[in-house]
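User: I am new to this structure. Please take a close look at cavities and at the parts that surround them, and keep the terms explained as you go.

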Amino acid sequence: MDTIAARFKLIVLPFLSISLLFLPFLQATDFDYCDNKGNYVVKVDGVDISPNPVISGKPATFTISASTGQAITGGKAVIDVYFFGFHIHQETHDLCEETSCPITVGNFVLSHNQVLPGFTPPGSYKLKMTLSGAGIKQLTCISFDFKISFGASESSVSDS
């Protein structure tokens with residue numbers, strides 16, 4: 001009986017360990033470029049939202065993995081939010097507040113933290129993010145869907 005258990009551990013445990021390495025990729029959010037024919041300076045590799053779904057009244061982080069073939073010294077990130085197709089919010093951020101500047105050629109990560117008001121209605125939303133740089137009208141433009149759920153999660157209930 002011990003040899004069967006030992007063989008099981010030798011076969012299954014490495015498989016589980018390797019599977020866990022790919023877990024972050026399985027949770028990535030699908031995104032679309034605003035213009036599929038656009039020749040963007042910044043190529044987006046992936047979008048991650050944490051927590052997913054976003055919980056109203058709690059902090060959320062939107063992380064964009066990207067790469068560029070040219071150095072970027074600064075710019076801005078314009079974020080537009082849509083609810084049931086209606087534009088409900090826009091904000092503009094300095095690109096260098098969302099990532100380290102200057103952005104060198106190669107891979108980089110853009111991260112935005114947001115706390116949504118507690119009265120934010122639950123449902124499906126669309127976020128459109130446009131990056132522009134000095135002298136470059138559009139570095140990239142993507143959109144993706146995300147969900148918002150109501151307030152208290154199980155962890156906040158158990159903490160009280």
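Analyst: The cavity and its surroundings

The structure holds 1 cavity of 30 Å³ or more. A cavity here is a set of points on a 1 Å grid, laid over the protein atoms alone, where a 1.4 Å probe fits but cannot get out. The model is predicted, so local features need pLDDT of at least 70 and side-chain atom pairs count only at pLDDT 80 or more, while totals for chains, interfaces and linings use all residues. Residues are numbered from 1 along each chain as its sequence is written, and side-chain values use heavy atoms, with hydrogens and water left out.

The largest cavity has about 30 Å³ of space. Such a volume is the space filled by probe spheres set on the grid points, which are joined across faces, edges and corners. Its lining consists of Val42, Val44, Ile64, Ala66, Phe108, Leu110, Met129, Leu131 and Thr140; a lining residue has an atom within 4 Å of a point. Two or more of these residues come from each of E2, E4, E7 and E8. The letter E marks a strand, a DSSP run of at least two residues, numbered from the N terminus.

E2, E4 and E7 belong together, as they make an open sheet of 3 strands in the order E2-E4-E7, with antiparallel pairing. Strands count as paired if DSSP finds at least two bridges between them. E2 (42-50) and E7 (106-115) are the edge strands, each with a single partner, so one side of each has no neighbour in the sheet. On average, neighbouring strands of this sheet are turned by 20° against each other, direction ignored; the axes are lines fitted to C-alpha atoms, and angles between N-to-C directions run from 0 to 180 degrees. Between E2 and E4 (residues 59-68) there are 8 bridges, in the antiparallel sense. Val42 faces Thr68 of E4 across this pairing. Val42 is also one of the residues of the cavity lining.

Leu131 is another residue of the lining. In E8, Leu131 stands opposite Ala77, and E8 pairs with E5 in the antiparallel sense over 9 bridges. E5 is joined to E6 as well, by 8 bridges, and these two strands also run antiparallel. On that side, the bridge partner of Ala77 is His93. The hairpin of E5 and E6 has 2 residues between the strands, and there Phe84 takes a positive phi near 50°.

Thr140 lines the cavity too. The C-alpha atom of Thr140 is separated by 8.4 Å from that of Gly38, although the two residues are 102 residues apart along the chain. Gly38 is found in the loop between E1 (32-33) and E2. Its relative accessible area is 24%, which makes Gly38 partly exposed: buried means under 20%, exposed over 50%, and partly exposed in between, with a 1.4 Å probe and protein chains only.

The closest N and O atoms of Asp145 and Lys126 are 3.1 Å apart. The rule asks for a side-chain nitrogen of Lys or Arg within 4 Å of a carboxyl oxygen of Asp or Glu, and by this rule the count comes to 1 salt bridge. Both partners are partly exposed, Asp145 at 48% and Lys126 at 31%.

The open counterpart of a cavity is a pocket, an open set of points with protein on both sides within 12 Å along at least five of seven lines. About 430 Å³ of space lies in the largest pocket. Its lining has 25 residues, of which Val81, His89, Glu91, Gln114 and Leu116 are the closest to its centre. At least two residues of this lining come from each of E4, E5 (75-83), E6 (86-94), E7, E8 and E9.

How values were computed: Helix = DSSP H or I, 4+ residues; strand = E, 2+ residues; numbered from the N terminus.
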